[in-house]
Amino acid sequence: MRITGDHTGLAIEGRLDVRSAADARARLHAAVDGGQGDLVLDLGRLEFWDATGLGVIMGTHRRAGRLGRRLVLRAVPVQLQRLLVATRLHRILAVEGAVADPYGSTLPALG
């Protein structure tokens, strides 16, 4: 897993799973703590996330909210969009673009 960017925008590539969760959490929380306004998280090059990775995203979302910020997910891969819909987290998280439901239609997009 590799994270690039700063306190306004980050990109994750590779796998966000139990092995990379601690490093990812530290980097994402530092970005949230160090800035203002929206924190955009680009997931376009994310290959895989597991429940632990999803927990890191949700924890970052909560931390951002406590600090008056918003975590915005960008370029969410289709497989991960389906997971967000299945868990109904697409209703909680800010996601740019259309989020596909498991049946192929799209749900309302952010913004």
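**Talking through the model**

A: R69 counts as buried, because its relative accessibility is 7%. Keep in mind that this is a predicted model.

Q: Where does R69 sit?

A: R69 is in the loop between α2 and β4.

Q: And what does R69 touch?

A: Leaving out residues up to four places away in sequence, R69 touches H7, T8, A31, V32, G35, Q36, G37, D38, L39 and A64.

Q: How far is R69 from D33, in sequence and in space?

A: They are 36 residues apart in sequence, and their C-alpha atoms are 9.4 Å apart.

Q: Let's step back. How many helices and strands are there in the chain?

A: The chain has three helices and seven strands. Starting at the N terminus, the order is β-β-α-β-α-β-α-β-β-β.

Q: What share of the chain counts as buried?

A: 41% of the 111 residues.

Q: Among contacts between residues at least 6 apart in sequence, what share join residues at least 24 apart?

A: That share is 59%.

Q: On to the helices. At what angle do α1 and α2 pack?

A: The angle is about 15 degrees, and the axes are 10 Å apart. Angles under 35 degrees count as roughly parallel, so α1 and α2 are roughly parallel to each other.

Q: Left-handed or right-handed crossing?

A: α1 passes α2 in a right-handed crossing.

Q: Which residues make the contact?

A: From α1 they are A21, A24, R25, L28, H29, V32 and D33. From α2 they are T52, V56, G59, T60, R63 and A64.

Q: Take T60, then. Buried or exposed?

A: T60 is buried, because its relative accessibility is 0%. T60 belongs to helix α2, which covers residues 51–66.

Q: What does T60 touch, not counting residues up to four places away in sequence?

A: T60 touches L28, H29, V32 and L71.

Q: Now the largest nonpolar core. Which residues touch the most other members?

A: The core has 27 residues, and the ones that touch the most other members are L41, L43, W49, I57, L73, L84 and L93. Two or more residues come from each of β2 (9–16), α1 (21–33), β3 (38–49), α2, β4 (70–74) and α3 (78–86).

Q: Pick L41. Where is L41 found, and what is it in contact with?

A: L41 is found in strand β3. Setting aside neighbours within four places in sequence, L41 is in contact with L10, I12, L28, I57, L71, V72, L73 and R74. L41 is buried, because its relative accessible area is 1%.

Q: How far apart are L41 and A11?

A: They are 30 residues apart in sequence and 5.7 Å apart in space, C-alpha to C-alpha.

Q: And what does W49 touch?

A: Not counting residues up to four places away in sequence, W49 touches L16, L43, L54, I57, L80, L83 and L84.

Q: L54 is on that list of W49 contacts. Where is L54 found?

A: L54 is found in helix α2. L54 counts as buried, because its relative accessibility is 11%.

Q: What else does L54 touch besides W49?

A: L83, L84 and L89, with residues up to four places away in sequence not counted. The C-alpha atoms of L54 and L84 are separated by 9.1 Å, and the two residues are 30 residues apart along the chain.

Q: Last topic, the backbone. What is phi of A75?

A: Phi of A75 is near 55 degrees, a positive value in a residue other than glycine. Most residues other than glycine have a negative phi.

Q: Where does A75 lie?

A: A75 lies in the loop between β4 and α3. A75 is partly exposed, because its relative accessible area is 38%.

Q: What about phi of R88?

A: R88 is not a glycine, yet its phi is positive, about 65 degrees. R88 lies in the loop between α3 and β5 (94–95).

Notes
Residues are numbered from 1 along each chain as its sequence is written. This is a predicted model: local features need pLDDT of at least 70, side-chain atom pairs count only at pLDDT 80 or more; totals for chains, interfaces and linings use all residues. Side-chain values use heavy atoms; hydrogens and water are left out. Helices (H or I, at least four residues) and strands (E, at least two) are DSSP runs, numbered from the N terminus. Buried means under 20% relative accessible area, exposed over 50%, partly exposed in between (1.4 Å probe, protein chains only). Contact means heavy atoms within 4.5 Å. A nonpolar core is a set of buried Ala, Val, Leu, Ile, Met, Phe, Trp, Tyr and Cys residues joined through side-chain atoms within 4.5 Å. Axes are lines fitted to C-alpha atoms, for helices over the stretch in contact, and angles run from 0 to 180 degrees between N-to-C directions. Angles under 35 degrees count as roughly parallel, over 145 as roughly antiparallel, 65 to 115 as roughly perpendicular and the rest as oblique. A crossing is left-handed if the near helix is turned anticlockwise from the far one by less than a right angle, and right-handed if clockwise.
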